[in-house]
Structure formats: C-alpha cells, structure tokens
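Welcome, and please take a moment to look over the sequence and the model before reading on. We will go through them together, one region at a time.

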Amino acid sequence: MDVASVLRMNGGTGDASYANNSLLQQKVLSRTKPIRDEAIRSFYKEKLPKSLAIADLGCSSGPNTLFMTCELIETVEMLCRELSHESLEYIIFLNDLPGNDFNNIFKTLDCFKQKLSSHVLGGGIGQCYITGLPASFYGRILPDNSLHFVHSSYGLHWISQVPKGVENNKGNICMGRTSPYNVHKAYYNQFQRDFSLFLKCRARELVEGGRMVLTLQGRRSNAPSSNVCCYAWELLAQALNGMVLEGIIKEDQIDSFNIPMYHPSPSELELEIEKEGSFTLNHLEVFEVSLKAACGEDKLDINNSDGYKVAQLVRAVAEPLLVSHFGEAIIDEVFHRYQHVLADRMSKEKPILLNFAISLTKTTT
Ligand code: SAH
C-alpha cells in the first residue's frame, strides 16, 4: 500500500464524508484549545512578531479544518488588543496528503475570511493569507526558518507506511492488543523512524523559539494490551473476518491488510523528542474522549444509533484505504455489518480513546 497516495479522509459533504462525521475530532480540538492558547500567547509575548506563519498539518477537509486557525487568530488578536498592539498579518499553510479534498476547503475560504474579519473580531484585523500544501509531513514541506507555529491534531498516529514483516498479524488489521511481538516491534520501529523524521523536518522549518502543539491518539503504557484506541479497528476486523467465513472476502486478502497507524505510549513519545534534541517538551497532557463523542445530540436522525454514528465516523476515515485494498463492491456490506457489531458491543461497554497533547518549543538551530 502506498500510503501517501491512498490515505485520505472521505471528501465532499455527503453522508459518509469526513466533513459530516468528524464530531469526535472536533471535541478533541476544543479540548486542546487552552494548550494552543498558552503556546501562541507566550510565543507572541516573547518575540512580538509583526506577522505569523502557521501550519496545520493533516488538516483534512470539513468544519474542523479552519477551526484551529480561527481560534488561534482570535487569541492573538485579543492579546494584541490587551497590549494595545497593532493587528498582525497571517499566513496559514493547510497541509494534508495530495488526495485530500482541498477544493472543498478552498470553496469555503471567502466565507471564512469574511467571518473572521467581521464577526469574530468586529473588523480591523490584519490580512490573512491561506494556502493549501499537499505533501506528506514526513518530509520537508517549507523552507528553513519559515514557520512560527505548527499544529497537528489526529494526524500523527498515522504512520508513513505499513511496516514490512507483519504478515502474521492474523485476525487483526492494526497493531492490536493480541498482535504477535514481531508485529508490535515492526510498528514501533516504523513509528520511531517517522516521528523522528517529522521532528527533524519541523526543527528546520520553525524559527528558533517557534512552537508546536501536537495531538494524537496513544496508549497508556508500553504494554500493547494498554491500547484502548484499537477498539474500533478490532471490531472492524471482526466484521471483515465474518465476511471471510462466508467466502465474500478471501483469507489472504484480509491477512495482507493492515492499517498504517501506531498509538505510542507517553514514554515512547518522550524518548523520540529527547533523542532528536531540537525541541523542549513543555507540556504533555493525557486525556480521554468517549467514542460516543462521535454520536452528537442529533435525536431527529432516524439512524441515530451509536453503532451507525461510530460506523460512519470510521467509514469517513477508512473507506479510501479499504476500497484500495478490497475494491468498492463490498464496502456497503462491510459497514452494514460493522454497524451491528458496534451497536452490540457499545450497548455493553463504554469505549474510550486515549489522547496525548504535547506542546513543544524549538530550542536549537
Ligand atoms: N486535523 C483534522 C483532521 C484529522 S484526520 C481534525 O482534527 O479533524 C487526519 C488527517 O491527517 C487526514 O486528513 C490525513 O490525510 C492526514 N495525514 C495523515 N498522514 C499524513 C501525512 N503523512 N502527511 C500529511 N497529512 C497526513
């Protein structure tokens, strides 16, 4: 699987789009606002820049895409007023892989800018330039010393490729709690390579003192069994395995399918940051969100079962990966079964996702 060309969230604004199924990710973004606010306020006070270059890495397409940008600008502009400083100019880089639905974002930009200048701050803010940046963040995306603030929410648990040598990950489609040791090790090694490359690239792109706030899913300890975030993938594997038993999917097809995702422990994250050496870790916050956060409050929806909403959330995220491996024909059936598996399990337990938000400062050049 060539992850950089296959991985993307469902585009557009249809029923299974990311734009319509990203409430959970929005809850996570709201939860981490204080960490971003602290980081950008302290950067501003220290450097007093006249303009700010901000990158959102793994921005996807939908209401969440400009959410962080909007609140970050609001925070800076309020600070400028507090200090009787003039408004700043902003350049915003919206980054994602090339398959992302950038057109959908671009269509909303005029409206966003109007809202920003009139409603959010009552007029009078500086210029805001927004541009798309289609490329993998596991590589250089901007020139040296060109960024002041880097943000990424829910992008970094995606790794750059499914590691080699995981063919014996039978019954699982990710690094699950029951995966063999070699699978865990292969995924961990891939995470180490990717995350350290990510830090190296951002260290070049950020100015000295530049800030970075990253949020990703993770696991509580180094033990693979502490991974609560693979719950949704484990149940998706169950739905797929049911289709193998009925001969709808071939066994070798499912054996060769793995999700390029890794959930690090706090110490695994800290170790890579320390080894790479360009950043100071100011803050690491661990917080949970319930998978039910994906379900919202929409009681009028006739399909409003937890199973349906969570299945749609996962469909918005995983459909392109599944289609590229299994083909289009089985997808409706997969998610129909998945919805029932989820509804059954979620009536008995309250699954949660574990998240880490880290705030870093670029210290060395
Ligand atoms: N930040 C948004 C989207 C999260 S979904 C939100 O909080 O709602 C994760 C996004 O990261 C996806 O759009 C995916 O395509 C993107 N992504 C994953 N790996 C990436 C990579 N290597 N380079 C750039 N984007 C990546």
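Leu48 sits in the loop between α3 (33–47) and β1, where helices (H or I, at least four residues) and strands (E, at least two) are DSSP runs numbered from the N terminus. The phi of Leu48 is near 45°, a positive value in a residue other than glycine. As background, most residues other than glycine have a negative phi.

Before going further, a word on what you are looking at: this is a predicted model, in which local features need pLDDT of at least 70 and side-chain atom pairs count only at pLDDT 80 or more, while totals for chains, interfaces and linings use all residues. Residues are numbered from 1 along each chain as its sequence is written, and side-chain values use heavy atoms, with hydrogens and water left out.

Ser60 also has a positive phi, about 55°, although it is not a glycine. You will find Ser60 in the loop between β1 and α4. With a relative accessible area of 5%, Ser60 is buried.

Strand β2 (residues 89–96) runs parallel to β1, and 7 bridges join the two. To see one of these links, find Leu52, whose bridge partner in β2 is Tyr90.

How many strands does the open sheet have? There are 7, in the order β3-β2-β1-β4-β5-β7-β6, and their pairing is mixed (two strands pair if DSSP finds at least two bridges between them). In general, strands of a sheet pair through backbone hydrogen bonds, either parallel or antiparallel. At the edges are β3 (128–134) and β6 (279–290), each of which pairs on one side only. From one strand to the next, the twist averages 15°.

Helices lie against this sheet. Helix α4 (residues 67–82) lies across β1, β2, β3 and β4 (147–153), running at about 155° to β2; here axes are lines fitted to C-alpha atoms, for helices over the stretch in contact, and angles run from 0 to 180 degrees between N-to-C directions. Helix α6 packs on the sheet as well, touching β1, β4, β5 (206–217), β6 and β7, and its direction makes about 150° with that of β5. Contact means heavy atoms within 4.5 Å.

Within α6 (residues 181–205) you can pick out Tyr188. Tyr188 is buried, as its relative accessible area is 17%. Not counting residues up to four places away in sequence, Tyr188 touches Tyr262, Glu268, Leu271 and Glu272.

Back in the sheet, Ser359 belongs to strand β7 (residues 352–362). Its relative accessibility is 1%, so Ser359 counts as buried. Leaving aside neighbours within four places in sequence, its contacts include Ile35, Ala39, Arg211, Thr280 and His283.

Finally, turn to the helices that pack on one another. Two packed helices are described by the angle between their axes and the distance between the axes. The axes of α7 (residues 231–245) and α10 (residues 306–326) come within 13 Å and cross at roughly 45°. Helices α7 and α10 are therefore oblique to each other (angles under 35 degrees count as roughly parallel, over 145 as roughly antiparallel, 65 to 115 as roughly perpendicular and the rest as oblique). On the α7 side the contact is made by Ala232, Trp233, Leu236 and Leu240, and on the α10 side by Val314, Val317, Ala318, Leu322 and Phe326.

Helix α10 has another partner: its axis and that of α11 (residues 331–346) come within 9 Å and cross at roughly 140°. This pair, α10 and α11, is therefore oblique too.

One last stop is Gln25, in helix α2 (residues 23–31). Gln25 counts as buried, at 7% relative accessibility. Among the residues that Gln25 touches, beyond those up to four places away in sequence, are Tyr18, Asn64, Leu313 and Val317.

Notes. Buried < 20%, exposed > 50% of the residue type's maximum accessible area, 1.4 Å probe, protein only.
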